[in-house]
Each structure stands twice: as C-alpha cells, then as structure tokens.
Amino acid sequence: MNALRAELLKAVTTRLLLWFGLGLLAFLLLVLSIHIGSHDLLSLSQRSTQRSTLAFGGLAAIVAVLIGSLLVTAEYAHGTINQSLLAVPVREKLLTAKLAAAVLVVFAIAVLADAATLLIAEVWYHGRGVNLHLGSDTLAPFLGAVGGSMIAAGIGVGVGALLRRQTGAIIAILLWLLIGEGVISAAGDSARFAPGHALGAVVAAHEVGARDMLGVWAAVVVGLLYAAIFCTAGFLVVLNSDAPTSGD
Amino acid sequence: MIEVEHLTKRFRHATAVDDLSFSVPRGRITGFLGPNGAGKTTTLRVLLGLALPTSGHATLAGRRYRELAAPLRTVGAVLEASNYHPARSGRSHLRVLAAAAGIPQARVDQVLAEVELSGAAKRKVGGYSLGMRQRLSVAAALLGEPELLVLDEPANGLDPEGIRWLRNFLRSFAGRGGTVFVSSHVLGEMSQLADEVVIIHRGKLVAHQSVAELTLQATGATRVRSPRAEDLLARLRAGGIDAEPTEAGTLAVHAPPERVGDLAAEAGIPLHELVAEKGSLEEAFLELTAEPQP
C-alpha cells in the first residue's frame with residue numbers, strides 16, 4: 001500500500017494529469033461539437049446516433065495508454081527511477097504499484113470524460129431542441145469508456161516498461177494508433193483482434209460483435225491479454241536491466 | 001556493515017568492476033577513492049541494487065539491498081544530483097519517498113530544516129542550484145534516520161560553505177555512531193574527513209588502509225636548497241632520481257633525504273637546507289593509481 005500511495009502522490013505532484021485532463025476536455029468539446037452540429041435533427045433523435053455520441057468519452061482510452069506509459073517512462077527520463085528503487089527496491093513491487101496507480105488514475109479520468117461528454121451532449125441537444133434519451137442502451141458506452149481506459153492504462157504501463165524511453169514510447173503508441181491500426185484493418189476480419197480495435201470494441205460496448213468489431217466481453221478478454229503480454233514483457237526487461245545513470 | 005565480495009560488473013565492451021572485495025566497518029567514515037572511470041559509481045550502484053552484478057555480491061548489514069526490510073531506515077543514499085523531476089517541489093519529492101517507505105510526513109519538514117532548505121521547500125526542483133539539489137539529496141538520505149550513509153561525490157556543486165557544512169554534518173553523523181561510506185575525488189577534503197580509505201583503479205582494489213597509514217607510506221618529496229642547485233640537479237638526474245627546480249636554488253626531489261644528502265656529499269656539493277616533506281593522501285593516491293610508463 002505504501003508503494004501505491006507513493007505512486008499516486010507522484011502522479012498528482014506534477015502537472016501531467018492536469019494537462020492531459022484539460023487537453024481531453026478541450027478535445028471532447030471540439031469533436032462533440034463537430035459530431036452533433038453536423039447531424040440533422042432526425043438523425044440526432046435516433047438512439048443509435050445518441051449512443052455513438054455518448055461513446056466519445058472513450059477518447060479517454062487514448063489518454064489512458066499515454067498516461068500509463070508516462071508513469072513509467074517519466075521516471076527514466078528524469079532519473080527519478082533511482083530514488084524510487086532506493087525506496088522500493090523490489091522491482092516487481094514497484095511496477096505493480098505503478099500499474100495499480102495508472103488504473104486508478106485513469107478510472108478517475110474516464111469518469112470525468114464521461115461526465116464531460118454527457119454535459120456537452122446535453123447542452124448541444126438541448127440547444128438543438130432534441131431530447132437526449134438516457135437509458136441502459138445509450139449509457140452502456142460510459143461503462144465501456146471506463147473499462148476500456150483501465151485496460152489501456154495497463155497496456156500503456158507495459159509499453160512504457162518495455163521501451164523506457166519517454167519520447168520513443170509516445171511516438172510508438174501514437175504511430176500504432178494512427179497508422180498501425182489503419183494498416184491492419186486491411187487484413188480483414190482478423191483486424192478486430194488488434195489492440196486498438198479491441199479497445200474500441202470495449203468502449204462501444206455492443207453485446208454482440210460484428211465482422212469488424214468484437215462483442216464487448218470478447219474485447220475485454222483480448223484487451224486484458226494485450227495488457228498481460230505487454231506488462232509481462234516490460235516487467236521482465238526492467239527486472240533484468242540496470243537503472244540509468246550518467247555517472248562513471 | 002558493508003561487504004563487497006568478488007564483485008564483477010561487465011558492460012558490453014568494458015569491465016567496470018573486476019573481482020573487487022572489501023569491507024566497511026561500522027561506526028567509521030570510509031572514503032572510496034579512484035580516478036574517473038575507476039568503477040566507484042558502478043560499485044555503489046550495485047551495492048544499492050540499482051545495477052545488477054555480473055558475479056559476486058555486495059551486502060549491507062548482511063543483506064542485499066533488495067532484501068532489506070526497511071531500506072530507507074537502514075541506508076541513506078546520496079547519488080547524482082540530477083535524479084529529480086524538475087516540476088516537482090523539493091517537499092513533494094521528499095513526501096513521495098516518505099510515503100513509499102512508510103515514514104511519517106512530519107519527518108519531511110524535519111529533514112528539510114536539517115539541511116537548511118525549509119525556505120525553498122515549495123519551489124520546483126528545476127529552479128534549484130546544484131548545491132541545493134545536493135542538500136535535497138542529503139535530506140532524502142536522512143528521511144529514514146538510517147545508521148549508514150552511502151554518498152557518491154556529495155561535494156559536487158557545493159560552494160566552500162556547503163562543503164564545510166557537509167564535512168561537519170558527516171562528522172556529527174559518524175560521531176553519533178553512524179557509518180559513512182563516501183566516494184570522492186576531492187582528496188584534500190577526504191584526508192580531513194575519512195578514518196580510512198578504499199582505493200580502486202580500473203575496477204580493482206589497490207589499497208584499503210587508514211588515512212594515517214597511507215600517508216605515512218607515501219613518498220614525500222625532499223626539499224633541498226644549495227648554492228650549486230643546477231649541479232645537484234644534474235647529478236641527481238644522472239643517478240636516476242626524479243627532481244625539479246621549484247624556486248631559485250631549491251629543488252623538489254622524489255627520493256628520501258638520506259639518499260639526496262649522500263649523493264651531494266659524494267659530489268662535494270654544499271647543502272643549505274635538506275627537509276623531508278610529509279607525504280599526503282594525494283601523493284599516496286597518485287602513486288597507487290599511476291599508469292605504468294611505456
């Protein structure tokens with residue numbers, strides 16, 4: 001518990017979360033405004049459109065994977081991993097605490113993203129004179145956004161431990177999400193098993209899958225498998241390598 | 001208190017520490033000396049569990065660092081002064097460490113006062129001078145009130161006032177029964193501070209003795225003054241003795257005064273002064289770590 005408390009304290013004693021939170025809110029405001037503003041009134045009143053609107057909170061999953069990686073790589077970038085290992089020398093314990101802290105932090109950010117999505121959507125729908133139906137079918141993506149973000153944080157921690165270089169990890173994650181997932185879509189039906197597609201399916205939270213998207217529970221299992229694989233590989237690298245130094 | 005046994009650390013193309021063995025006794029200040037690249041930092045990092053040994057092991061109070069039940073309460077370490085997140089305040093940095101080690105948060109303000117950093121506690125570390133960062137490192141080391149301090153070049157970046165503060169602090173710590181193991185390349189400072197020294201060169205142990213014993217063994221220069229200094233210089237060099245003029249009529253000779261006196265007598269050169277100068281830790285260090293002449 002001490003190690004987890006320290007990791008949470010690390011997360012809130014820099015402005016990393018503040019900037020990510022503000023950035024996410026601004027991005028949500030932008031994309032929701034474009035999305036709702038570009039639909040006609042008939043389309044906006046349909047349940048499927050409302051559900052896809054409320055799924056925008058799932059953008060938190062992208063922030064989650066970045067935060068997960070940064071909680072590890074920032075320690076290497078600033079050399080604070082040395083102090084952390086002096087306080088918690090059992091490396092698997094330190095990394096487990098980081099994983100737990102990332103999941104908790106991202107849970108809070110995803111809930112915030114869901115709340116912001118609901119607020120922005122309500123304001124836009126009200127302004128356009130359309131009722132926003134809030135029921136289990138339209139609100140399912142809210143739970144999906146939280147679950148998807150928590151899994152994404154686990155993947156992020158694993159990638160961060162595996163690469164340990166801050167810039168390298170961010171570039172690798174963004175390249176994969178922006179280009180890799182697009183390229184893999186050309187592979188056909190199997191693309192739905194790619195990490196980004198699986199997380200997208202968790203956020204969409206459809207009970208039954210489709211040709212290009214897994215059902216929510218299958219997606220959760222695939223996402224957790226990716227998190228387990230990346231974390232295992234990353235933890236093994238950290239356990240078997242020296243902490244960085246600029247000394248002699 | 002510290003045991004290093006047959007420790008070897010190899011990197012891809014180099015051996016930083018080579019079958020190194022020594023021990024550091026409890027309740028003393030032990031200096032850890034060596035030229036740049038000798039393997040001091042690597043040895044300390046293996047000792048503190050930050051680097052993995054290729055073979056051999058290093059223990060503190062009989063255990064490897066990662067096996068210590070309460071590491072920060074057993075060992076306080078001062079490493080590079082750059083190991084800080086620049087956007088975190090000095091106080092927040094210590095709060096994180098205290099939380100990780102289960103140390104009460106009240107202790108944070110105590111150690112900040114102890115290293116005279118209370119006034120800058122809420123400032124971001126990115127705005128600290130090197131000296132302030134070193135003090136923060138010392139504060140972090142003191143958080144758990146450990147009985148052993150391991151310090152890597154703690155005087156780096158400190159001004160003369162800071163160095164004096166550090167010297168007094170370490171003496172006071174050792175005076176209360178604490179053990180100090182400190183690496184440094186400031187030999188003058190170490191000769192004033194340490195009870196004994198471990199000297200390594202190219203990753204190997206070259207000496208482990210008390211400072212008094214070591215300086216006694218060091219070859220002190222012999223100062224000799226003569227109205228025929230130039231003749232004496234030529235005669236000494238012809239005899240294979242290293243000597244150089246220091247001021248008018250005076251030579252510094254790297255040989256015992258008896259040999260210089262005998263040689264001058266044989267050559268009939270009068271001497272007005274013949275003084276054996278005391279060896280220093282610096283001379284001992286340079287002799288022990290001298291590269292062989294090609």
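**View 1. Contact between chain A and chain B in the predicted model.** In this predicted model, 26 residues of chain A and 34 residues of chain B form the contact between the two chains. On the side of chain A that touches chain B, the elements contributing two or more residues are α1 and α6 (80-87) of chain A. Sorted by class, this side of chain A comprises 10 nonpolar, 11 polar and five charged residues.

**View 2. Packing of helix α1 against helix α7 in chain A.** Helix α1 (residues 2-12) of chain A packs on helix α7 (residues 91-127) of chain A with an axis separation of 8 Å and an angle of about 55°. Angles from 65 to 115 degrees count as roughly perpendicular and those under 35 degrees as roughly parallel; α1(A) and α7(A) are therefore oblique to each other. The crossing of α1(A) and α7(A) is right-handed.

**View 3. Residues at the contact of α1(A) with α7(A).** From α1(A), the contact draws on Ala3(A), Leu4(A), Glu7(A), Leu8(A) and Ala11(A). The residues supplied by α7(A) are Lys93(A), Leu94(A), Ala97(A), Lys98(A), Ala100(A), Ala101(A), Leu104(A) and Val105(A). By class, 10 nonpolar and three charged residues take part in the contact of α1(A) with α7(A), and no polar residues do.

**View 4. Domains of chain B.** The domain assignment divides chain B into domain 1 (2-210) and domain 2 (221-277). Taken over C-alpha atoms, the centres of domain 1 of chain B and domain 2 of chain B are 45 Å apart.

Methods. Residues numbered from 1 in each chain as written. Chains lettered and ligands numbered in written order. Predicted model: local features only at pLDDT ≥ 70, side-chain atom pairs only at ≥ 80, totals over all residues. Domains from an automatic or database assignment. Axes fitted to C-alpha atoms, helices over the stretch in contact; angles between N-to-C directions. Helix = DSSP H or I, 4+ residues; strand = E, 2+ residues; numbered from the N terminus. Parallel < 35°, antiparallel > 145°, perpendicular 65-115°, else oblique. Left-handed = near helix turned anticlockwise from the far one by under 90°. Contact = placed C-beta atoms within 7 Å. Nonpolar A, V, L, I, M, F, W, Y, C, P; charged D, E, K, R; others polar.
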